[in-house]
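This briefing is meant for a reader who is meeting the structure for the first time. Please keep the sequence and the model open side by side while reading.

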Amino acid sequence: MIGMNRIAVLTSGGDAPGMNAAIRAVVRAGSEKEMKMFGVREGFEGLIAGNVVRLRARDVGGVIQFGGTFLGSSRSEAFLTVEGRERAVHNMREYNIDALVVIGGNGSQCGAWELSKMGFPVIGIASTIDNDLYGSEVTLGVDTALNIALEAIDRLKVTASSHKRAILVEVMGRKCGYLALMCAIAGGAEAVVIPEAETTPEEITRDMVDAYRRGKNHALVVVAEGATMNATALTAYIDKHKEALGFTTRTTILGHVQRGGVPSAFDRILAARFGVAAVECLAREESGVLIGLSKDEIITTPLEHVATRKKELDLSLFQMARVLST
Ligand code: F6P
């Protein structure tokens, strides 16, 4: 090969289940094409520090079934500066790296776009449990995170029903309500609170009271962490009005437990497809794009669009969740 011979891969931002499987796919697909593959430790921080290791096919054995990322990740403050990014490009040139694969979500792909603008060939792989990335209908890790949250919700519903309690469950997602909405639909919630369709505490508690009136013995509300009325605020409201409302509530904030799980079959397969597609792009000397999924097909989207456009949540699903909660 004359063009893309030496390829580095890194994982950046919040880890997502399936990242290891994606690193493995990139390394093995590249090695098969006789590219020399490298791993950058701790994301963009490692790029700035020049923390680069050679990765061969055998080095990525036994990682497919683990969550997290064996390369490590970071949210790099230094990479937000021009000096940091120049240092990163300088280091890649020192190692004679021809192109970089960035596995990560929104912030990471904005970083990838910055490198691309500096003339360095980069390919992104859509990976975040938030599923908020323009350029992919489904991102790597969201399926596993959703199933972890759902298992918790199913359990919480059991104990809620035993006590006729209301249960609030807050799920991650940053400013995006995707995870919360999918948890609500799959978990059979009585109400869902998401940033894309803000509701008042009066409306939410009215839905909860209605659920009891209809004969239910629990009221489950899934709350997105990014909603103005998050679980902490809603709990405070319910506590203040508990006499009038006629029920008590318990609140669970799932937090990082959603991130650390064993990647589902779907996420491992998606990781494999994304990783191989990234290498195929580089082999034909295409870069500056994100590898994503649309209608079960692998697609590429310019990193510029990924960095500057917003992925919209399908609000018809919000209406559907409301209808099904009756
Ligand atoms: O982007 C993934 C995510 O888990 C978000 O859902 C959450 O808001 C954030 O990362 C938490 O970030 P950190 O792990 O840095 O606390």
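This is a predicted model: local features need pLDDT of at least 70, side-chain atom pairs count only at pLDDT 80 or more; totals for chains, interfaces and linings use all residues.

**Helix α6**

- Helix α6 takes in residues 178–187, and because 8 of its 10 residues are buried, the helix is largely enclosed by the rest of the structure.
- The buried residues of α6 are Tyr178, Leu179, Ala180, Leu181, Met182, Cys183 and Ala184, together with Gly187.
- Just after α6 comes Gly188, which takes a positive phi of about 65°.

**Helix α3: length and sides**

- Helix α3 has 13 residues (82–94), which at 1.5 Å a residue should span 18 Å, and this agrees with its end C-alpha atoms, which are 18 Å apart.
- Buried in α3 are Gly84, Arg85, Ala88, Val89, Asn91 and Met92, and because these residues cover an arc of only 160° around the axis, they lie on the same side of α3.
- On the other side of α3, Glu83 and Glu94 are exposed.

**Helix α3: surroundings**

- The buried residues of α3 are covered by elements that include the helices α2 (43–49) and α4 (106–117) and the strand β4 (99–104).
- Following α3 is Asn96, whose phi is positive and near 55°.

How values were computed: Residues are numbered from 1 along each chain as its sequence is written. Side-chain values use heavy atoms; hydrogens and water are left out. Buried means under 20% relative accessible area, exposed over 50%, partly exposed in between (1.4 Å probe, protein chains only). Helices (H or I, at least four residues) and strands (E, at least two) are DSSP runs, numbered from the N terminus. The expected span of a helix is 1.5 Å times one less than its number of residues. The arc is that of the directions from the helix axis to the C-beta atoms. Contact means heavy atoms within 4.5 Å.
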